[in-house]
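Q: Please take a close look at one part of this structure, with its side-chain contacts in view.

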Amino acid sequence: MRRFIFVSLALFLMVAVYVAPAQLEKNMNIVLPHADYLISNEAEKLHQTLTIGDLHSDSTLWARNLLEKSDRGHVDIPRMREGNVALQMFTSVTKSPRGQNYAKNSAEAGDNITLLAVVQRWPVETWSSLTARALYQAEKLHQFEFSAPEELMIVKSGQQVRELLRRRKANDPIVGGLLGIEGSHALDGKLENIQVLYDAGFRMMGLQHFFDNRLGGSLHGESGVGLTDFGSQTVKQMQRIGVIVDVAHSSEQVVKDVLQLSTAPLIVSHTGFYGNCPSDRNISDELMVSIASAGGIIGVGYWDAAVCEATPQGIIKAIRYGIGLVGVDHVALGSDYDGSIAAPFDTSELAVLTHEMLEAEFSIEEIRKVMGGNMMRFFEKNLPSQ
């Protein structure tokens, strides 16, 4: 009997390790049920001529080979090709509180990523070090590039943005990936880890996630405070070495402080506009205007808390509002794919946005800019030159 119990327990653990990660992601990264989207011939032809980019996806968090098309999640390289996506920002998540409430979270409210790291059999050092978690996710993407350099190119400089675009213009089907971080608690409180992460390829770093951290207040934290002294030092060091600062999830006071301190344009990688969707997820329109006025770029998300209506039409409505608020040159896509959201389509189905923009009488120029032109221009200009 004892041997039977031992064998049964061993089998259960094997199933948990190999099956649980896949089932967990299926439950977390949802594509909302829908009939096949109708795409006009005009929209399909236009879509194939676009240079498309997305400012935020958490795909490296999950136990998937991104070189293979999957039946779960939102993003992988084959689906990027199907959707004609040229460049995807892959953001490393290193800590996320239980519940992920948009109104208020404690930094001590448990951590989903520790459990995920254990279940997905990440290296032991990632169980306790947030820096190690970011480095591990970066290494996964580097391994994909090493395995299939003809399929994936990791972009780290303005010159490499131009090289990616040159290759795609020559009908090379390669796609590009950028490395970003969701929340600078990934520094493990050490300023020198900015350089460590930069050397690993990270070129965009968010300051906060769902909770206050050593850098300052989160939009969903308990304090609402601005940048701390450590936060100010961090922003200065990031911009000194060429890391772009992302203020998605930052408290409004942090955003104000960063704007005052910053010597480079900012990103809000995945968000909505409060005037269009008065959600706890979205900062004020006034701050969005300030970010854009300083040369920043704003990525519109695809989920309900960002746009209030998680449909292609709802996303287009948010984009149109954003253009009216901050100008067409400062609006981009910021899906939050694979970020534990329910999206109305995965990245292979992006032509539906082109279709809906045409239906809503967007100009061709507006479509080209929002779908990726603005993102390419921003990174070509603001990444390190080489």
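Over the face of which residue does Arg-320 lie, and at what distance from the ring centre?

A: In this predicted model, Arg-320 is placed over the face of Phe-362, at 4.0 Å from the ring centre. A further contact of a charge with a ring involves Lys-95, whose charged end sits over the ring of Phe-211, 4.9 Å from its centre.

Contacts between aromatic rings come next. The count of aromatic pairs is seven. One of them joins Phe-273 and Tyr-321 in a tilted arrangement, 6.2 Å centre to centre and with 50 degrees between the planes. Phe-273 belongs to the loop between strand 8 and helix 10, and Tyr-321 to helix 12, so this pair ties together parts that are 48 residues apart in sequence. Phe-273 is buried, at a relative accessible area of 0%, whereas Tyr-321 is partly exposed, at 28%.

Tyr-302 and Phe-345 form a tilted pair too, because their ring centres are 5.2 Å apart and their planes stand at 50 degrees. Both Tyr-302 and Phe-345 are buried. Ring pairs also link these two residues with Tyr-37 and Tyr-337 into a cluster.

The structure also holds one disulfide. Cys-277 and Cys-308 form this bond, with their sulfur atoms 2.0 Å apart. Cys-277 lies in the loop between strand 8 (267-271) and helix 10 (285-293), and Cys-308 in the loop between helix 11 (304-307) and helix 12 (312-326), so the bond ties together parts that are 31 residues apart in sequence. Cys-277 is buried, at 0% relative accessibility, while Cys-308 is partly exposed, with a relative accessible area of 46%.

Conventions
Residues are numbered from 1 along each chain as its sequence is written. This is a predicted model: local features need pLDDT of at least 70, side-chain atom pairs count only at pLDDT 80 or more; totals for chains, interfaces and linings use all residues. Side-chain values use heavy atoms; hydrogens and water are left out. A disulfide is a pair of cysteine sulfur atoms within 2.5 Å. Helices (H or I, at least four residues) and strands (E, at least two) are DSSP runs, numbered from the N terminus. Buried means under 20% relative accessible area, exposed over 50%, partly exposed in between (1.4 Å probe, protein chains only). Rings of Phe, Tyr and Trp (its six-membered ring) pair if their centres lie within 6.5 Å; planes under 30 degrees apart count as stacked, over 60 as edge-to-face and the rest as tilted. A charge sits over a ring if NZ of Lys or CZ of Arg is within 6 Å of the ring centre and within 35 degrees of the ring normal.
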